[in-house]
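Let's take a look at some charged side chains and who they pair up with. Have the sequence and the 3D view ready as you read.

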Amino acid sequence: EDNDLDRVPGPPKWPIIGSGLIFVGLPPSQMLDRLLEFPKKYGNRVVVTVLYRYILHVYDIEDIEIVLSHSRNIKKNKPYDFIKPWLGTGLLISTGSKWHRRRKILTPTFHFDILKSFMKVFEEKTKNLVVDLKRRVSEGSGVVDVMPFMSDFTLYTICETAMGITLDSDKSEATVKYKQAIMDIGQLVMKRLTTIWLHNDFIFSLHPMGKKFAKCLESVHSFADSVIMERKKSYEKDGEVSSSSSKRRLALLDLLLEAERKGEIDLEGIREEVNTFMFEASTGLKERILEECTSILGDSDRSPNTSELGEMKYLEAVIKEILRIYPSVPFIGREITEDFMLGDIKIMKGCEVVVHIYDMQRREDLYPEPEVFRPERFLDGESRHPYAYVPFSAGLRNCIGQRFAKLEMKMAICEIIRNFRLEPLKKGARPALKADLVLRPNESIFVKFVQR
Ligand code: HEM
């Protein structure tokens, strides 16, 4: 059958191997740049072929809307397979009826009342963060590499809210290993993506990279298992009593354990979700908060004092602008399971579609002077196409933790701003970025903290 995608422009294709060679051997720091060249060279729909795969990249709002709002094409594409050994088919990766079932079990965890009860944890973890930062600042010049602080903060917060486990000041070997393993997994997956012969599972398992990957998995899984077992013990002891009274928060893990009791999920399934949420929630936040605070506060006349409600709106706009310029998930991939029309072209089952959030949110026609950090864009009441801003994705597979994330970010930024004046080391400097499993800076982010 004729494939409409054969008529869509894209990088040159070789027989059999297709255009995949353009990515081969690219370091992750250049991968994002390569993808960003596409729309400039070929337009807002670009086809890349790799062996038998057709991968359509879309950059237009109209196309993005059709893809994200499709109610049956909810399957993730091939690259997500590489993180399956880690996250299993948890909520992020699962599809079809399994995804529907899981989403139903997990959705109540993000109900507003439960989120409200998490506020205490957000507050406590933020206070601890501020104490840690103060200690660091008092020890030295006040110049801090913020990433490790933020990754601890987000990990502790998700563990306590969702898993009911306190990790603070837990510098145990297992925690340290877990955090390192997650970073390594991200790097290994990206490298594997650009090394076509390592796509084969068997070859990968024999290669040193595959062996390192397996070691990382061991650390991550044993950490997750101990979190589950600890909670299971205390849940079995007093879970039923306290979950029906309002004495204790009903953590996500409790909900999963309850579902296990009802036969809706097994232990393997719980592990998938624990891994999924610890990953999504701890990488989903950390990079973007403080690094961009530096550029906000470098411009000191709009340094936000966030204790007033009016200023909270500004803070919200700040957060929105951060996620416009630095969307944690720069692009999303789908494998098409049911033919559909994308405007005038037919997208057939088996093709993959990649939605470019990062690129779309930096389009000049949608956001004048797109590289300029200007939260006011979100305050001026200007109407915008609903798909012109999708850092949390949209449609059925949107981010389940979106409201959780916003509350956590607000709380953290508020407390930090109240306690410190932040100065960028270099005014107007922007971190070089790399596409990891999430968008990450390619270098440490140093910020000068001056205690107020
Ligand atoms: C700034 C913070 C965050 C951003 C920008 C963000 C963004 C996203 C995006 C774009 C997706 C869609 C991914 C895809 O289709 O492949 C997603 C999915 C998801 N997010 Fe987030 N996220 C954030 C924080 C969180 C937090 C805090 C949690 C958990 C508490 C979370 C849990 C999830 C889960 C489980 C999914 C999969 C949902 C599904 O497929 O049904 N995220 N997120």
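Predicted model: local features only at pLDDT ≥ 70, side-chain atom pairs only at ≥ 80, totals over all residues.

The side chains of Asp 132 and Arg 135 form a salt bridge, with 3.5 Å from N to O. Are these two buried or exposed, or something in between? Asp 132 is partly exposed, at 30% relative accessible area, and Arg 135 is partly exposed too, at 47%.

Lys 179 and Asp 152 make a salt bridge. This one links distant parts of the chain: Lys 179 belongs to helix H7 (residues 173-193) and Asp 152 to helix H6 (residues 146-162), 27 residues apart. Asp 152 counts as buried because its relative accessible area of 17% is under the 20% cut-off.

Arg 72 bonds with Glu 338 in a salt bridge. Arg 72 is in the loop between helix H2 (61-69) and helix H3 (84-87), while Glu 338 is in the loop between strand S4 (331-335) and strand S5 (340-342), 266 residues apart. Glu 338 is partly exposed, with 29% relative accessibility.

Here are the pairs side by side:

| Salt bridge | Closest N and O atoms |
|---|---|
| Lys 179 and Asp 152 | 2.5 Å |
| Arg 72 and Glu 338 | 2.8 Å |

How many salt bridges are there in total? The count comes to 31. Some share partners: Lys 98, Arg 102, Glu 272 and Glu 273 are joined into one network that way.

Note on methods. Residues numbered from 1 in each chain as written. Heavy atoms only, no water. Salt bridge = Lys/Arg side-chain N within 4 Å of Asp/Glu carboxyl O. Helix = DSSP H or I, 4+ residues; strand = E, 2+ residues; numbered from the N terminus. Buried < 20%, exposed > 50% of the residue type's maximum accessible area, 1.4 Å probe, protein only.
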